[in-house]
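Trainee: I'd like to learn how to read a protein model, step by step. Can you walk me through one?

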Amino acid sequence: MARRDTSFYYSFVVLPRDQRRAIMAVWDFCRAVDDAVDEQAGNADRVVARTTAVAELAKWRRELAASFDGGPLETTVARNLVPHISAFNLPRRAFEDVIDGVEMDLDERRYATFDDLHQYCLRVASAVGLICIEIFGYKDARCREYALNLGVALQLTNILRDLGKDLGIGRLYLPQDDLARCGVTEDALRAGVVSGPVRSLLTLEAEKARDYYRRAALALPPIDARRLVAARIMGAIYFDLLRRIERSGYAVFGPAIRAPRWRKAFLAAKVWTQSMLGLPVERSMAGAEPR
């Protein structure tokens, strides 16, 4: 587990062993699906890259079907997932949504409006959240709303952080109507200069991310606050990342902005302690704390 992303490690290390193993299996499956397309992003031969990615996604669709329906499995990743499907009643539709979302990255797609981008975020991020809350366990159905909103917030933060890197492989997730509203062209973004209009655009997108952190915070049912401590740690770490991006003046065209390990460990310990004491954790995400 420690070799995975540190945000993953500090969020899920607090879980009981059975939940942690299930989360690792889900995470590995989703990571493998994501890699099916991302690993071809650097392939100069676009035809070969797309053909390979399509074949890989088809393989993961077969693996998912066999995992739920029974049948021969090709990969260790799928074999590791199977025991947790029935143990935690994992939702098949959410896994299918993840694959559908990753499939949207096959082409150099553009998103005309935020509503279009929102659909992408629901598939690649919120769907994972809907799987995870089944593992954490919950009593109040509003936890689904929490997972949906937090997933969008995390994905919007990722999109901001990776803007420069994504442009380098032909991807641009920021809504086209937002670019037009701020007077920004794709060429201006590729220039990698945070001009006044670019700053206005990135501020607009950061505000949207903040809005979804706020929605998640307000949707979190108090009765399930302790059960969702791992998700709350993940939310705190990513909200901290969003604030770092803002405070950097939107330095998103160079090396990726990241929080140091000690900061993630500090946030994890803080959220865990506050959760166990029944104290409010999401106050800053709800907009009560300045940038």
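Mentor: Let's go from the whole chain down to single residues. Keep in mind that this is a predicted model.

Trainee: Okay, how many helices and strands does the chain have?

Mentor: Start any reading with the secondary structure elements. Here the chain has 14 helices and zero strands. Going from the N terminus, the order is α-α-α-α-α-α-α-α-α-α-α-α-α-α.

Trainee: What does the radius of gyration say about the chain?

Mentor: You set the value beside the one a compact globule would have for the chain's length. For 291 residues that would be near 19 Å, and the chain has 19 Å, so the two agree. Along the principal axes, the C-alpha trace spans about 50 × 50 × 30 Å.

Trainee: And what share of the residues is buried?

Mentor: Buried means under 20% relative accessible area. In this chain, 51% of the 291 residues are buried. As for the surface, the chain exposes about 13,300 Å², with carbon and sulfur atoms supplying 52% of that.

Trainee: How much of the contact list comes from residues 24 or more positions apart?

Mentor: Take the contacts with a sequence separation of 6 or more. Residues 24 or more positions apart account for 71% of them.

Trainee: Let's zoom in. Is R171 buried or exposed?

Mentor: Read the relative accessible area and hold it against the cut-off. R171 comes out at 10%, so this residue is buried. You'll find R171 in the loop between α8 (163-168) and α9 (176-182).

Trainee: Which side chain does the side chain of R171 make a polar contact with?

Mentor: That would be the side chain of D38, at 2.9 Å. If you leave aside neighbours within four places in sequence, R171 also has contacts that include V37, A41, D105, R110 and D166.

Trainee: Where is T52, and how far is T52 from C30 in space?

Mentor: T52 is in helix α3 (residues 46-69). T52 and C30 are 22 residues apart in sequence, and their C-alpha atoms are 18 Å apart. With 31% relative accessibility, T52 counts as partly exposed.

Trainee: Last one: where does V252 lie, and which residues is V252 in contact with?

Mentor: V252 lies in the loop between α12 and α13, and this valine is buried at 3% relative accessible area. Setting aside neighbours within four places in sequence, its contacts are L160, R161, L163, G164, L202 and I245. V252 and V193 are 59 residues apart in sequence, but 9.6 Å apart in space from C-alpha to C-alpha.

How values were computed
Residues numbered from 1 in each chain as written. Predicted model: local features only at pLDDT ≥ 70, side-chain atom pairs only at ≥ 80, totals over all residues. Heavy atoms only, no water. Helix = DSSP H or I, 4+ residues; strand = E, 2+ residues; numbered from the N terminus. Rg over C-alpha atoms; globule rule 2.2 N^0.38 Å. Buried < 20%, exposed > 50% of the residue type's maximum accessible area, 1.4 Å probe, protein only. Contact = heavy atoms within 4.5 Å. Areas by Shrake-Rupley, 256 points an atom, 1.4 Å probe, with all protein chains shown as cover. Polar contact = N/O pair within 3.5 Å; in protein donor to acceptor, adjacent residues only side chain to side chain.
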